[in-house]
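Try each one yourself before reading its solution.

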Amino acid sequence: MKMVILGAGASFDSIFNHEYNGDLLKWCPPLGKDLFSYKPLCNELLRHYPGAESFRSEISYSNDIEELFQNKYALAHGSNGANLLLQIVNVQFYLQELFSEISYKYVNFGPSNYDTLIRQAYDYHLKTGEDVLFVTFNYDSLLEKSFEKIVGKPIKDIHDYIRYPIKIIKPHGSCNWVKRINVGDNAGPIYMQGILKFLYDETNMNSVLNAIDSSNEDYELFDSRIIEYRINKTFAFPQLLIPLKHKDDFILPVDHKELLEKALGKVDDILIIGWKANEQSFYKLMQEKIYSNSLKVKIVCGSDKSITSRLYGLNIVECKYFNEPLFKDNDLLLKDGIPISGTFSSYMQNTSKSDDHKFFKNV
């Protein structure tokens, strides 16, 4: 079975357009280090999320945003730091709106590499009858929008992600996934200004913790600002995992997790695009489920050649890094005088022209 693993680098380079200015720059999905940058969209949204904004200056001096949040999360729990934990929860709401806005706007700026990749996967399925597994660690819904466009099947509820032969698993959640939380009459008022003020009030800490720890699997899709989702004493809680150094959990419906575990046992061919292989929980699951499989791996991650060192426990019999250059109008594209190579755009450009490097080869 073929599996595609997508990281932040894939969404960052999901539009085949390398003139990043104006609106394109505003709506381009950020890499992890730029989640709290001073780009226009982040500036605009952070004004509405004071808890998330409170981390901004510290993040600007940090070399590792995941380690910073890991330390903050441990401190909040270990010291019963209610306000600190609520600020971290605030980050979830900020990330939800950030990637919802990006998902809505970024699809209109040029040819989509996700469209091309889904098309190749779908053609492969039609020719072979085999299912294809996509695992994406991105919060945005750009991959889903390409799926709906190319496959012609709408994703209307959480089960549609795994209903069809092209299956999409999102271990860290998604900007359009929510759980409805009933805070009850004793949790305090939900102010007219929005749920955010409710969450940022320390007196409601127990309600927030109950929401985080809830074992309720009733995921819903809500493709808009979650902060506006409220009915009486019910609000929506975003289902996405904040960036932590040791991501030791999944935010994933039970049937998605079960399908992932079953499908991994069949995987023998892996394409990695823009993924750094730092997610320990997913890596451990891969070790457990495909440890005996002989794996072929193709990696599209620019100049990063360290991916395989973090996949050392797998039985990889063939590993190839894609390093072909990128062209525009038959001219070699350069950055700082060096050819742009090994990117999502260069991979889709090359594989659209020939089968030489194609993961989904014609059969």
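**Exercise 1: charges over rings**

In this predicted model, the charged end of Arg56 sits over the ring of Tyr38, 3.8 Å from the ring centre. Find the ring that the charged end of Lys2 sits over.

*Solution.* Start at the charged end of Lys2 and look for the ring under it: that ring belongs to Phe359. Then check the distance to the ring centre, which comes out at 4.4 Å.

**Exercise 2: sorting ring pairs**

Classify the pair Phe36 and Phe69 by the angle of the ring planes, then do the Trp177 and Tyr219 pair.

*Solution.* A search of the whole structure turns up 17 aromatic pairs.

Step 1. For Phe36 and Phe69, the ring centres are 5.9 Å apart and the planes meet at 40 degrees, so this pair is tilted. Phe36 sits in the loop between α2 (22-27) and α3 (40-46), while Phe69 is in helix α6 (residues 65-78), so the pair ties together parts 33 residues apart in sequence.

Step 2. Trp177 belongs to strand β4 (residues 173-182) and Tyr219 to strand β5 (residues 219-221), so parts 42 residues apart in sequence are tied together. Trp177 and Tyr219 are both buried.

Step 3. Back to Phe36 and Phe69: ring pairs link them with Tyr49, Phe55 and Tyr94 into a cluster.

**Exercise 3: checking a helix**

Compare the span of helix α7 with the expected one, and work out why α7 is described as largely enclosed.

*Solution.* Step 1. Helix α7 covers residues 82-105, which makes 24 residues. At 1.5 Å a residue you'd expect 34 Å, and the first-to-last C-alpha reach of 35 Å is close to that.

Step 1. Now look at burial: 20 of the 24 residues of α7 are buried, so the rest of the structure largely encloses this helix.

**Exercise 4: a nonpolar surface patch**

Which residues make up the nonpolar surface patch that includes Leu332?

*Solution.* Step 1. Leu332 is in strand β12 (residues 331-332). With a relative accessible area of 38%, Leu332 counts as partly exposed.

Step 1. Leu332 forms the patch together with Phe327 and Leu334. Their accessible area together is about 250 Å².

Terms used: Residues numbered from 1 in each chain as written. Predicted model: local features only at pLDDT ≥ 70, side-chain atom pairs only at ≥ 80, totals over all residues. Heavy atoms only, no water. Helix = DSSP H or I, 4+ residues; strand = E, 2+ residues; numbered from the N terminus. Expected span 1.5 Å × (residues − 1). Buried < 20%, exposed > 50% of the residue type's maximum accessible area, 1.4 Å probe, protein only. Patch = residues over 30% accessible without salt bridge, like charges linked within 9 Å, V, L, I, M, F, W, Y side chains within 5 Å. Areas by Shrake-Rupley, 256 points an atom, 1.4 Å probe, with all protein chains shown as cover. Salt bridge = Lys/Arg side-chain N within 4 Å of Asp/Glu carboxyl O. Phe/Tyr/Trp six-rings, centres within 6.5 Å; stacked < 30°, edge-to-face > 60°. Lys NZ or Arg CZ within 6 Å of the ring centre and 35° of its normal.
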